[in-house]
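Open the model in your viewer and keep the sequence panel beside it. We will go from the whole chain to single residues.

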Amino acid sequence: MKQHFVLTWKAKNNIISRLSRNSYRLKRINDAFAFARDSRVLEGTLAIAELERLHDLLADVTGEVSWRIEGFKGKRGEPLLQLTVGGTVLLACQRCLEAISFDLDVDSLLEVVPAGVELSQDELEDDTRDFLPVERELDVAELVEDEILLALPVAPRHERCGLPGAADAGERVNPFATLANLKGKPN
Ligand SMILES: [Zn+2]
């Protein structure tokens with residue numbers, strides 16, 4: 001019975017993708033809680049041109065990113081989503097506006113909670129848990145976009161603009177260090 005349901009759902013998704021030229025808009029998980037509970041997996045690609053909230057930060061919007069969402073249940077039975085996003089984006093250098101190639105390596109574990117639910121103080125302060133409030137339906141493109149935004153360096157710059165080899169220097173701003181700083185700050 002469960003197998004049958006999974007196939008039907010996949011088939012439906014395939015048809016939607018084929019029917020729609022702008023299939024990105026329709027990449028949704030209808031019920032994020034059921035998706036996690038039933039250990040489903042969904043993967044695909046998104047054109048960077050469609051991820052409009054990134055555009056101000058980019059020197060070029062061609063190309064695409066690949067993503068994968070895997071649902072499962074945690075130790076306490078909580079619904080979890082493991083989201084990975086890969087691909088290369090061309091960030092605009094804050095000094096010269098030329099491209100800095102940046103490889104995405106997003107790997108986030110998100111705990112799905114009903115939108116509007118009050119989290120306890122303990123839950124809010126628990127650094128090991130990342131909560132994702134959803135009504136029921138999850139917009140995949142929006143989530144992927146959010147996670148990319150979190151992973152990007154705040155102020156990418158070439159070490160020396162215009163010099164040969166300068167494109168490698170974007171690593172000077174470590175996105176993980178930036179994130180760690182944000183997370184470590186008291187409210
Ligand atoms: Zn530059």
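Helices (H or I, at least four residues) and strands (E, at least two) are DSSP runs, numbered from the N terminus. Colour by these elements: from the N terminus on, the protein chain reads α-β-α-β-β-β-β-β-α-β-β-α-α. That gives five helices and eight strands.

Two notes before selecting. Residues are numbered from 1 along each chain as its sequence is written. The model is predicted, so local features need pLDDT of at least 70, side-chain atom pairs count only at pLDDT 80 or more, and totals for chains, interfaces and linings use all residues.

A residue is buried if 20 or more other C-beta atoms lie within 10 Å of its own, exposed if 12 or fewer, and partly exposed in between, with C-beta atoms placed from the backbone. Of the 187 residues, 18% count as buried. A nonpolar core is a set of buried Ala, Val, Leu, Ile, Met, Phe, Trp, Tyr and Cys residues joined through C-beta atoms within 7 Å. Select Ala32, Leu46, Val65, Trp67, Leu81, Val112 and Val144: they have the most contacts inside the largest nonpolar core, which has 26 residues. Elements giving two or more residues to this core include helix H2 (32–37), strand E4 (64–73) and H4.

**Trp67.** Contact means C-beta atoms, placed from the backbone, within 7 Å. Leaving out residues up to four places away in sequence, tryptophan 67 touches Glu43, Gly44, Leu46, Leu83, Thr84, Val85 and Val144.

**Asp146.** Now select helix H4 (residues 140–151), which holds aspartate 146. Aspartate 146 counts as partly exposed because it has 15 C-beta neighbours inside 10 Å.

Terms used:
Contact = placed C-beta atoms within 7 Å.
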